[in-house]
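Student: I would like a close look at the charged side-chain pairs in this model. Please take them one by one and then move on to what surrounds them.

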Amino acid sequence: MHKLIERLAGYLPLDFRVLYRQFLLRVIDLESLSIQADVVRFLGQFAGVLIMISLISAIRAFVSTIAPPTTAAGWLNLEWGTEQSAIRTMMLVVGLLAVISWDSTFPDRKDVMVLSPLPVAPHTILFAKVCASGVLVGLAILALNFASGSAWSLILGSRRGGLGFFQFCAAWWLTMIAASAFLYCSVLTVQGFTALLFPRRVFLRLSAILQLAAFGLFLGTYFVQPSFTNPAEMAACEDHWILASSPPYWYFALFNQLNGSLPSQLRWLAIRAWTGLLLAVFGAASSLLLCYLHTMTKSVEEPDLVPGAGGFHWTPSFSNSLQTAIALFSIRSLTRSRQHRVAFAFYLAFVFAIALSLLRSELTADSPHPVTLEIILPTFSMMFFAVAGLRNVFALPISLTANWVLRTTQLRPTEEYVAATRRTLLLLAVAPVWLLSFALSFRFGPVQHVAVHLAVLALLGWILVELCLIGFYKVAFTCSYLPGKANIQLQFWGFVIALIAFVVPCAQLEESALHDSMKSAFMLTFLFASSCALFFFNRYLARSAVIYFEELPDEGITTLGLNA
Amino acid sequence: MLELQNLCRSFRGIPAIQDVSFKVAPGEVVGFLGPNGAGKSTTVKIITGMLRPNDGRVLFEGQDIRKDMVAFRSVLGYVPEEAHLYNYLSGLEYLQLVGRLRGLSEAMIETKATRLLKLLHLESWQYSPISSYSKGMRQRVLIAAALLHDPRLLIFDEPLSGLDVVSARLFKDLLELLAAEGKAVIYISHVLEVVEQVCNRVIVIAKGRILADAPPAELTKLMSLPNLESVFSQLVQQQDTRATAREMVEVMRIADER
């Protein structure tokens with residue numbers, strides 16, 4: 001097999017093969033992930049996660065046969081739920097791939113500068129890039145569906161008898177390919193036409209904003225979109241626009257059309273899927289072609305040094321020069337580094353999804369809600385995600401070689417650096433979530449309860465900030481980390497456990513205390529006292545601490561045991 | 001003003017510098033020369049407090065800098081060898097960051113930063129991200145940042161790298177004026193003609209040890225050689241560059257036998 005592939009590959013031009021291999025390793029946005037040499041490992045881990053999801057879904061399929069639905073309606077519920085979930089997950093994965101491979105299919109300035117002097121035709125570069133992106137998406141489709149697609153086809157397709165299994169299996173794979181192609185090509189179309197329509201400088205800024213918006217949109221859609229369990233429910237959907245504007249439902253209809261089980265009242269959704277796919281593929285192909293024809297020439301013609309625009313340059317001032325320096329440095333690093341923006345957007349997407357679901361439930365309610373867990377838990381979770389997310393992003397270094405300037409200008413005690421970091425966390429995480437919660441609480445009442453809840457939320461934010469600052473004696477974005485120490489899996493589970501262990505009990509306590517003014521006053525006093533205690537504790541610790549820029553391994557003495 | 005006493009530093013058992021000692025007086029421009037890997041950067045990192053010596057100490061005005069690093073840093077201006085900057089900041093934002101970290105007032109930062117940027121011909125680029133700057137422009141930002149707080153000790157590590165002829169001339173004039181102002185300057189460079197012109201004294205280091213410490217004219221006279229470049233070559237026993245160049249051309253000519 002390996003030899004056959006090698007022989008077939010031998011028919012391809014050498015320059016295409018060399019470039020394809022290069023682009024495949026660069027297809028993910030290194031700037032946003034900062035993994036550099038570990039691309040292969042990263043792709044392997046990513047595929048591993050997808051295979052795991054696929055296997056879990058396959059196990060679910062076989063578990064469903066232990067206690068199978070007894071009615072036709074039950075089977076339909078299972079089938080529809082499975083199909084919608086699979087399509088949504090597939091589109092989320094491809095969406096995330098589109099985010100992490102942002103702009104990689106289009107020629108960048110480096111490609112132009114490096115490849116232009118070499119005897120390589122532009123169309124070879126285009127094909128190599130398209131193939132590299134295609135292979136990445138193809139691998140994701142394969143990894144995510146190889147087990148789940150086969151298992152569900154066996155369980156749900158075989159029930160129809162005859163060629164049911166094959167029809168279901170074909171429908172599954174074709175739908176996943178179509179949905180993935182639609183989403184990836186749509187993203188390429190948007191990127192391509194933005195690059196064509198705007199000057200390069202504007203495009204670079206816009207592209208970064210679009211990347212974040214796409215990230216939030218994909219995650220938000222995944223978490224907020226409702227699931228329909230039968231045709232009647234879907235056809236009777238009051239919010240018709242949800243179906244019309246949500247591609248996952250179009251491809252769900254396409255799945256059923258290919259499977260031969262689409263109700264006639266939903267045929268329009270399948271038509272939308274086909275139209276969308278055609279438009280997206282056409283859009284991507286034309287924008288790619290135009291970009292390769294125009295952008296490559298434009299990149300060479302572009303002057304190397306262009307003076308910046310004057311514009312509006314407002315620099316807010318904080319309590320002292322150090323706090324201003326650190327706060328502005330953090331804000332600028334966060335907003336201008338793609339890697340940090342994407343990492344923080346991951347947490348913000350959860351905040352966004354929670355806020356959206358809260359807003360949706362508020363808009364559908366007829367009368368004002370009492371302040372219950374329905375608002376307390378989401379707002380607490382938002383605060384937790386924002387603060388913990390920002391603290392985690394702060395730990396990612398941005399430009400270690402440039403840190404010398406912070407080292408040689410370290411003229412103030414550590415305490416002041418900690419105070420500056422505190423202010424930044426309060427400003428960038430606590431304040432926005434609090435304001436968002438304030439805006440979202442307009443349908444809740446009575447006012448006193450809302451006021452108490454908002455006060456509790458602010459104090460909780462402060463406590464979270466102080467907890468995050470314990471042992472954090474570094475300037476945000478400047479400290480290196482030891483390889484293997486940032487154990488992502490452990491961090492993730494630690495995060496989930498902390499969320500459940502901290503946020504849920506807090507929300508329950510608040511709910512029980514809200515209806516009693518004495519209890520409310522005691523709760524607020526207790527939280528305020530805790531915040532102050534943690535604040536002074538951090539100040540005390542910081543007095544004897546030293547700002548560090550490098551994580552150093554623990555020094556250990558290994559005994560050889562030669563005396564024994 | 002600055003005195004290095006028997007500095008030693010090794011990395012994983014391999015000595016980078018051994019017994020390095022010299023003094024720099026106010027108003028003196030000292031050239032610090034050596035081939036790649038001689039120990040110049042290690043010495044400079046120790047002086048700036050970024051690295052601790054295994055042995056020896058650095059005195060500033062008779063006080064060990066380690067005893068009050070903050071006070072020492074507040075009088076130190078440093079231009080590193082590589083123009084490592086936060087590329088996403090603009091030139092002006094970078095100077096503002098440095099000024100604020102040094103505790104200068106906003107008005108002072110504004111006045112000094114804008115005037116320095118203008119004088120260094122970076123006014124039009126002050127709002128552009130440093131990532132869009134050329135090497136010379138980055139170097140000029142570093143020079144401006146080092147001068148912002150009126151330091152008493154200045155360390156310039158390869159400051160001319162990437163600078164155009166006009167900027168290089170400006171820098172040489174600047175060095176003279178800084179010395180006249182009573183600043184102590186350590187100047188590291190591989191451009192020996194410039195060193196010969198601007199430095200009062202030259203220190204040559206190779207394989208971590210100081211080989212010579214004298215005014216350039218005295219060195220050439222002592223070794224009966226025409227210029228500093230010949231002195232340097234003799235001292236550090238440079239390779240036969242002509243032979244190496246010939247070998248490189250031979251490698252280039254190797255034909256593909258396919």
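Tutor: A salt bridge here is a side-chain nitrogen of Lys or Arg within 4 Å of a carboxyl oxygen of Asp or Glu. The model is predicted, and the values below are computed from it. By this rule there are eleven salt bridges over all chains.

Take B:Arg100 and B:Glu106, whose side chains meet in a salt bridge with N and O 2.8 Å apart. The cut-off for buried is under 20%.

B:Arg201 pairs with B:Asp213, and the closest N and O atoms of this salt bridge are 2.8 Å apart. B:Arg201 belongs to strand S9 (residues 201-206) of chain B and B:Asp213 to strand S10 (residues 209-214), so the pair links parts of the chain twelve residues apart. Here B:Arg201 is buried, at 14% relative accessible area, while B:Asp213 is partly exposed at 38%.

In a further salt bridge, B:Arg152 meets B:Glu61 at 2.4 Å, N to O. B:Arg152 sits in the loop between helix H5 (135-147) and strand S7 (153-157) of chain B, and B:Glu61 in the loop between strand S4 (55-60) and strand S5 (63-64), so this pair ties together parts that are 91 residues apart in sequence. B:Arg152 is partly exposed, with a relative accessible area of 33%, and B:Glu61 is partly exposed as well, at 45%.

Salt bridges also occur between the chains: the count between chain A and chain B is two. One salt bridge joins the side chains of B:Glu93 and A:Arg336, at 2.5 Å from N to O. B:Glu93 and A:Arg336 are also part of a network of salt bridges that includes A:Arg332. On the side of chain A that touches chain B, helix H14 (321-336) and helix H17 (404-408) each supply at least two residues. The largest share of that side, ten residues, comes from H14(A).

The contact as a whole takes 36 residues from chain A and 33 residues from chain B. About 3100 Å² is buried between the two chains, and carbon and sulfur atoms give 64% of that area. Ten residue pairs are in polar contact between chain A and chain B, counting pairs with both residues at pLDDT 80 or more.

One charged side chain in chain A is placed against a ring: A:Lys129 lies over the face of A:Phe23, 4.9 Å from the ring centre.

A:Phe16 and A:Tyr20 form a stacked pair, 6.1 Å centre to centre with 10° between the planes. Both residues are in helix H2 (residues 14-26) of chain A, and because they are four residues apart there, about one helical turn separates them. A:Phe16 is buried at 11% relative accessible area, whereas A:Tyr20 is partly exposed at 23%. Elsewhere in chain A, A:Trp462, A:Phe528, A:Phe535 and A:Phe536 form one aromatic cluster.

Technical notes
Residues numbered from 1 in each chain as written. Chains lettered and ligands numbered in written order. Predicted model: local features only at pLDDT ≥ 70, side-chain atom pairs only at ≥ 80, totals over all residues. Heavy atoms only, no water. Phe/Tyr/Trp six-rings, centres within 6.5 Å; stacked < 30°, edge-to-face > 60°. Buried < 20%, exposed > 50% of the residue type's maximum accessible area, 1.4 Å probe, protein only. Lys NZ or Arg CZ within 6 Å of the ring centre and 35° of its normal. Contact = heavy atoms within 4.5 Å. Buried area = accessible area lost by both parts, 1.4 Å probe. Polar contact = N/O pair within 3.5 Å; in protein donor to acceptor, adjacent residues only side chain to side chain.
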